[in-house]
Amino acid sequence: MSTTEILFFFLSALALFSAIMVVLSKNPVHSVLWLIAVFFSISGHYILLNAQFLAIVNLIVYAGAIMVLFLFVIMLMNLNAESEPQKHLWMKLAGVVSGGCFFLVLVSLVRQAADMTDKMALMGDGNIGLIKNLGKALFTDFVVPFEITSVLFLSAMVGAVVIGKKE
Amino acid sequence: MTLLSIDWLLLIEKLILIAIIVFASLGIALYTTFAERKVAAILQDRPGPNRAGPFGLLQPFADGLKLIMKEEIIPSSASKFLFILGPGLAMTAALMTCAVIPWSSHVELFDRKIDLQIADINIGILYVFGVVSLGVYGIMIGGWASNNKFSLMAALRGASQAISYELAMGISLIAVLMISGSLSLKTMVDQQMAPGQLWNVAYQPLGFLIFFICAMAECNRTPFDLPEAENELNFGYHQEYSSMKLGFYLFSEYVNMIMSSAIMASLFFGGFDIPFLDERTLAPNIAAILGVAALLTKIVIFIFVFMWIRWTIPRFRYDQLMNLGWKTLIPLALFNMLVTGAFILWRQGG
């Protein structure tokens, strides 16, 4: 077993375990912290694929910014395990049904990906994830979608400011 | 087939390097607390700590011993695991930055060329940025786990302050990246060391100013120490902490200060470059040692400026802090980025 394989299995186990703990934790703050652990292990996978830029951006954006805001909201609303309202039975039922539907889609996806068997991911080499190649691809081949995304971001920002300004 | 195919020599070399750098940073941080008290004393025209050892030099050890010997109190209503995790996270995030800082060029020992940098990764400065953005978790988790309203308020303040100033910091960084064209700190330092090349601060004076102010805010130093404003929040996010866990929080502030000084020196002041000296004319080992000394000198100067400001300027009000961050620094940083971009385009004759 090479170091890469050991790291891969370790990170996968960590990601799955943390993801399960996100769902199982009673306390929302603990859920958020487990979710941060999931992001870390996924960033580890990115590094194994030599996509260093994606790995660190995943950390900065998700773990560093979005999850901080999540924590912020949860802490301000003081959602503790005790104060969490008990959910209705039909709410739980709806959750089970929608979760089951999602699971079905996932299973069918995995089954359709039969042509991916016997193929290895490029571990440690392949340099499309490095910042130079990624930037070139974004600004030449994909420049229109990229710019459209930035306009989308701008409108979201303006929208947030408008909502925030409303008295 | 071997179970693990690892370059053991490289592993040992890196482990030794990590140990040296971490312990050196902790040692410097120890004496930074002493320097802080001495600088404060000089600025306020009083002798400062002078009882423990000659010139009071043993004072930090006395302080550390005091913190360790104190009783450990964990509030009964606190979330125990997170309460312990908080200071640990704060310290880890503070120390993790040192991995990408180029402390000097390379030394040659036992026929091996050893780079005095733990990891020269291709996204160096982004890594620093990522670690800095994680540092806020130490404050938030500690403040929340204490189950104390004042701690929680202080933690939320700290988090919103850190996020606000990270933005301006990132934008001012982009202007530097446009000049250097690389994210690796080592490459950036090498570029500034090249003969005929000035330090980045000459091209980016405004960018440096913005970065410096933001670094001060990220370290929670006065005038930006709103998370521990004692006249509003008793003591801040570490109010419920005692003993060495409190020590970790206080200590991580000093480690953060050293690391941000090292980053500023590398980004804007040539890193381990010695002005008016071509290092390539020296033997590599001597050049490396001189380089470390040069970087440490720059760090000490930055730390002194940090302290000087702390004991000169009073604390901001919270709305002033937010206004400075969002309405002054971010527009200034954007302007700086625009001017830099236009200038680079003009130089290329586009």
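**View 1. The largest cavity and the helices of chain B around it.** Helix 3 (80–96), helix 4, helix 5, helix 8 and helix 10 of chain B each bring at least two residues to the lining of the largest cavity. Please keep in mind, here and in the views that follow, that this is a predicted model. Which of these helices gives the most to the lining? Helix 4 of chain B does, with eight residues. The space inside the largest cavity comes to about 480 Å³, and 30 residues line it. To find its centre, look for B:Val132, B:Gly135, B:Glu218, B:Cys219 and B:Asn256, the lining residues that lie nearest to it. By class, the lining of this cavity has 20 nonpolar, seven polar and three charged residues.

**View 2. Helix 8 and helix 10 of chain B, side by side.** The axis of helix 8 (residues 205–218) comes within 11 Å of the axis of helix 10, and the two cross at roughly 170°. Angles over 145 degrees count as roughly antiparallel, so that is how helix 8 and helix 10 of chain B are described.

**View 3. The largest pocket, lined by both chains.** Here the space amounts to about 2,800 Å³, and the lining is made of 48 residues. Nearest the centre of the largest pocket you will find A:Phe53, A:Val57 and A:Val61 together with B:Leu126 and B:Ile174. Chain A contributes two or more lining residues from each of helix 3 (52–77), helix 5 (131–140) and helix 6 (143–165). Chain B does likewise from helix 4 (124–145), helix 5 (149–180) and helix 12 (318–347). The lining counts 33 nonpolar, 12 polar and three charged residues. Why does this pocket lie between domain 1 (3–129) and domain 2 (130–167) of chain A? Because both domains give residues to its lining.

View 4. At least two lining residues come from each of helix 1 (8–43), helix 2 (59–69) and helix 10 (243–268) of chain B. Helix 2 gives the most, with nine residues. The lining of the second largest pocket divides into 15 nonpolar, seven polar and 10 charged residues.

Key
Residues are numbered from 1 along each chain as its sequence is written. Chains are lettered from A and ligands numbered from 1 in the order in which they are written. This is a predicted model: local features need pLDDT of at least 70, side-chain atom pairs count only at pLDDT 80 or more; totals for chains, interfaces and linings use all residues. Side-chain values use heavy atoms; hydrogens and water are left out. On a 1 Å grid over the protein atoms alone, a cavity is a set of points where a 1.4 Å probe fits but cannot get out, and a pocket is an open set with protein on both sides within 12 Å along at least five of seven lines; lining residues have an atom within 4 Å of a point. Grid points are joined across faces, edges and corners, and a volume is the space filled by probe spheres set on the points. Helices (H or I, at least four residues) and strands (E, at least two) are DSSP runs, numbered from the N terminus. Ala, Val, Leu, Ile, Met, Phe, Trp, Tyr, Cys and Pro count as nonpolar, Asp, Glu, Lys and Arg as charged, and the others, Gly among them, as polar. Domain bounds come from an automatic or database domain assignment. Axes are lines fitted to C-alpha atoms, for helices over the stretch in contact, and angles run from 0 to 180 degrees between N-to-C directions. Angles under 35 degrees count as roughly parallel, over 145 as roughly antiparallel, 65 to 115 as roughly perpendicular and the rest as oblique.
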